[in-house]
Amino acid sequence: MSDFLVGLGVDHHVLREERLNNHGFPLTLGGYVIPDQSVSLDSNCDGDVLIHALCNALSTALGDGSLAPTTDALCGSGIKYSRDFLAPFLKKIRDQGYSINNISASIEAQKPHLEEHRSAITASLSEALSLDLSRIGISFTTGEGLTACGRGKGIYAQVICSLTR
């Protein structure tokens, strides 16, 4: 196996015009609850699209597929916090002798305005991954209204990660 691997992951969820989603969770990105929001994301859990995309990126970096088989089982056992979904993917990375080198994420949403929360979201991911802040980059875009997420109907996250041995 290579000493350097790259993975790409995406995820998106429908935006609800309610403070809590269908499972009672507020808007959460990167494990950070976005304060004072009147919107949330439909999901079978907290709906954290950033962590879902990250799990997909970590999985595909190792040559595996979607997060769904792992996370659906976790949800079925009552685990609903996406931050907890990271554990099996991080274990697999460690077991194969890799560590996360860096993460780059882009989030598309017309609403709410997220740039002001970038530092807090980055800090939350840094803690969850035991990864230095300087190795996590996150950008935000409205997509100029060209997509459903850019028109305020959801939030989309795309993550690329690199792993090193």
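**Entry 1: H3 and H4**

At roughly what angle do the axes of helix H3 and helix H4 cross? I looked this up in a predicted model. The axes of H3 (residues 82-95) and H4 (residues 118-129) cross at roughly 40° and come within 10 Å. I therefore noted H3 as oblique to H4. Angles under 35 degrees would have counted as roughly parallel. The crossing of H3 past H4 is right-handed.

I then listed the residues that make the contact. From H3 I wrote down Arg-83, Leu-86 and Leu-90. From H4 I wrote down Ser-124, Glu-127, Ala-128 and Leu-129. Sorted by class, the contact of H3 with H4 holds four nonpolar residues, one polar and two charged.

**Entry 2: the buried side of H3**

Which residues of H3 are buried? I found Ser-82, Phe-85, Leu-86, Phe-89, Leu-90 and Ile-93. The general rule I set beside this list is that an α-helix has 3.6 residues a turn, so residues three or four places apart point the same way. Leu-86 and Leu-90 are on the buried list, and both also take part in the contact with H4.

After H3 comes Gly-97, and I noted its positive phi, near 85°.

**Entry 3: H1 and H4**

I turned next to the other helix pair on my list. The axes of H1 and H4 come within 12 Å and cross at roughly 45°. H1 and H4 are therefore oblique to each other. H1 passes H4 in a right-handed crossing.

Which residues make this contact? On the H1 side I wrote down Leu-50, Ile-51 and Leu-54. On the H4 side I wrote down Ile-121, Leu-125 and Leu-129. The contact of H1 with H4 has six nonpolar residues, no polar ones and no charged ones. Leu-129 was already in my notes, as one of the H4 residues that meet H3.

**Entry 4: two serines**

Is Ser-59 buried or exposed? I located Ser-59 in helix H1, which covers residues 49-61. Ser-59 has 5% relative accessibility, so I put it down as buried; the cut-off for buried is under 20%. Leaving out residues up to four places away in sequence, Ser-59 touches Asp-64, Gly-65, Ser-66 and Phe-89. Phe-89 belongs to the buried residues of H3.

I found Ser-130 in the loop between H4 and strand S6 (136-141). Its relative accessibility is 68%, so Ser-130 counts as exposed. The cut-off for exposed is over 50%.

Ser-130 and Asp-64 are 66 residues apart along the chain, and their C-alpha atoms are separated by 23 Å.

**Entry 5: backbone points in the loops**

Most residues other than glycine have a negative phi, and most peptide bonds are trans.

Which residues does the cis peptide bond join? The bond joins Lys-111 and Pro-112, with omega about -5°. Pro-112 is in the loop between strand S5 (99-108) and H4.

I noted Asp-36 for its phi near 55°, positive although the residue is not glycine. Asp-36 sits in the loop between strand S3 (32-33) and strand S4 (40-41). With a relative accessible area of 80%, Asp-36 is exposed.

Glu-144 also has a positive phi, near 55°, in a residue other than glycine. I placed Glu-144 in the loop between S6 and strand S7 (154-164). Glu-144 counts as exposed, at 69% relative accessibility.

**Entry 6: the chain as a whole**

How many helices and strands does the protein chain have? I recorded four helices and seven strands. From the N terminus, their order is β-β-β-β-α-α-α-β-α-β-β.

For overall size, I compared the radius of gyration with a rule. A compact globule of 165 residues would have a radius of gyration near 15 Å, and the protein chain agrees because its value is 15 Å. Along the principal axes, the C-alpha atoms fill a box of roughly 45 × 35 × 25 Å.

Of the 165 residues, 47% count as buried. Last, I looked at the contacts with a separation of 6 or more, and 73% of them are between residues 24 or more positions apart.

Note on methods
Residues are numbered from 1 along each chain as its sequence is written. This is a predicted model: local features need pLDDT of at least 70, side-chain atom pairs count only at pLDDT 80 or more; totals for chains, interfaces and linings use all residues. Side-chain values use heavy atoms; hydrogens and water are left out. Buried means under 20% relative accessible area, exposed over 50%, partly exposed in between (1.4 Å probe, protein chains only). Contact means heavy atoms within 4.5 Å. Axes are lines fitted to C-alpha atoms, for helices over the stretch in contact, and angles run from 0 to 180 degrees between N-to-C directions. Angles under 35 degrees count as roughly parallel, over 145 as roughly antiparallel, 65 to 115 as roughly perpendicular and the rest as oblique. A crossing is left-handed if the near helix is turned anticlockwise from the far one by less than a right angle, and right-handed if clockwise. Ala, Val, Leu, Ile, Met, Phe, Trp, Tyr, Cys and Pro count as nonpolar, Asp, Glu, Lys and Arg as charged, and the others, Gly among them, as polar. The radius of gyration is taken over C-alpha atoms; the globule rule is 2.2 Å times the number of residues to the power 0.38.
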